[in-house]
Amino acid sequence: MKRRHFVAGLAALGAMPAAAQRFQPAQDITPLLRELTAGATAQPGGIEIELPRIAENGNSVPMRIAVPSPMSAGDHVAAIYIIAERNPRPRVATFHFGPASGKAEVTTRVRLAGTQTVTVLAELSGKRFRIATTEVLVTAAACLDESL
Amino acid sequence: MMLGRLLVPPTVRKGEAFEIKVLVQHPMETGFRRDMNGQSIPLNVVNRVVCRIGGREVFSAELGSGVAANPYLAFFATADAPGEVEVEWTDDRGDRGRVSAAFGLA
């Protein structure tokens, strides 16, 4: 192998991961929020989010969400939406509750494509909304490695 | 038929919220990965999970590719009588799974 071919090969190797990473900039989630709330304004706060501040592996990040509510027929949490603005598909998950749920609380494990702000939108009975965000630093992002 | 595990307390208190834990065995394919031949692996995720107690829906979820492989869900429910917790799910290919567990009243 000639030296120049070797050098060119090395350069190509160096360029590969960058191309494979397909850097995802944060998307503007305002239109999505407007669609979910049907134009209503979401009140900030009133949502408890438990998400590590630093996630080593974006492929599986434990997340707990709790919305304090009496969970009665007239006043309960109807739905919780998880939105990750830097994921290729920001709609991570939607959970539906009813008075029979007893508590509006859910724990799951999410994938996060990089350091970002995770938004949680809660829909209360009577089409009222609450919103909360949390920052998470992701050391090894999900969705980047295509080879596995 | 897909594998899943369900954890429900053996006895619950009437009208008091108790925790239900579900673990589904599923790769949650994002559609962004490629196989050994460079072919893209199609999107296939568990898109819907429904939990019923005595036939009545108490919790449901719509999941996307942003949920980690082998989706785990823990949530709450209440019951007024002993019965059975039933969790059903479907993936994008139309495969279904179901787990159930009985509980009594304390």
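## Leu124(A)

Leu124(A) counts as partly exposed because it has 18 C-beta neighbours inside 10 Å; a residue is buried with 20 or more other C-beta atoms within 10 Å of its own, exposed with 12 or fewer, and partly exposed in between, the C-beta atoms being placed from the backbone. Leu124(A) belongs to strand β8 (residues 116-124) of chain A. Strands (E, at least two residues) and helices (H or I, at least four) are DSSP runs numbered from the N terminus.

Apart from neighbours within four places in sequence, Leu124(A) is in contact with Val77(A), Ala78(A), Phe129(A) and Arg130(A). Contact requires C-beta atoms, placed from the backbone, to lie within 7 Å. Gly74(A) is 50 residues from Leu124(A) in sequence, with a C-alpha to C-alpha separation of 9.8 Å.

## Model and numbering

The model is predicted: local features need pLDDT of at least 70 and side-chain atom pairs count only at pLDDT 80 or more, whereas totals for chains, interfaces and linings use all residues. Residues are numbered from 1 along each chain as its sequence is written, and chains are lettered from A and ligands numbered from 1 in the order in which they are written.

## Contact between the chains

Chain A contributes 27 residues to the contact and chain B contributes 26 residues. On the side of chain A that touches chain B, β6 (91-97) and β7 (104-110) of chain A each supply at least two residues. β6(A) gives the most, with seven residues.

The residues on this side of chain A comprise ten nonpolar, ten polar and seven charged. Ala, Val, Leu, Ile, Met, Phe, Trp, Tyr, Cys and Pro count as nonpolar, Asp, Glu, Lys and Arg as charged, and the others, Gly among them, as polar.

An open sheet of six strands runs in the order β2(A)-β4(A)-β7(A)-β6(B)-β3(B)-β1(B), with antiparallel pairing. Two strands pair if DSSP finds at least two bridges between them. The edge strands, each pairing on one side only, are β2 (48-50) of chain A and β1 (4-7) of chain B.

β7(A) and strand β6 (residues 72-77) of chain B run antiparallel and are joined by three bridges. Here Thr107(A) stands opposite Ala74(B). Three bridges also join β2(A) to β4 (residues 61-67) of chain A, again antiparallel, and Glu50(A) stands opposite Arg64(A).

## Positive phi

Ala38(A) is not a glycine, yet has a positive phi of about 55 degrees. Ala38(A) sits in the loop between α2 (30-37) and β1 (42-44) of chain A, and is exposed because 9 other C-beta atoms lie within 10 Å.

Asn70(B), also not a glycine, has a positive phi of about 55 degrees. Its loop lies between β5 (56-63) and β6 of chain B. With 17 other C-beta atoms within 10 Å, Asn70(B) is partly exposed.

Definitions and conventions. Contact = placed C-beta atoms within 7 Å.
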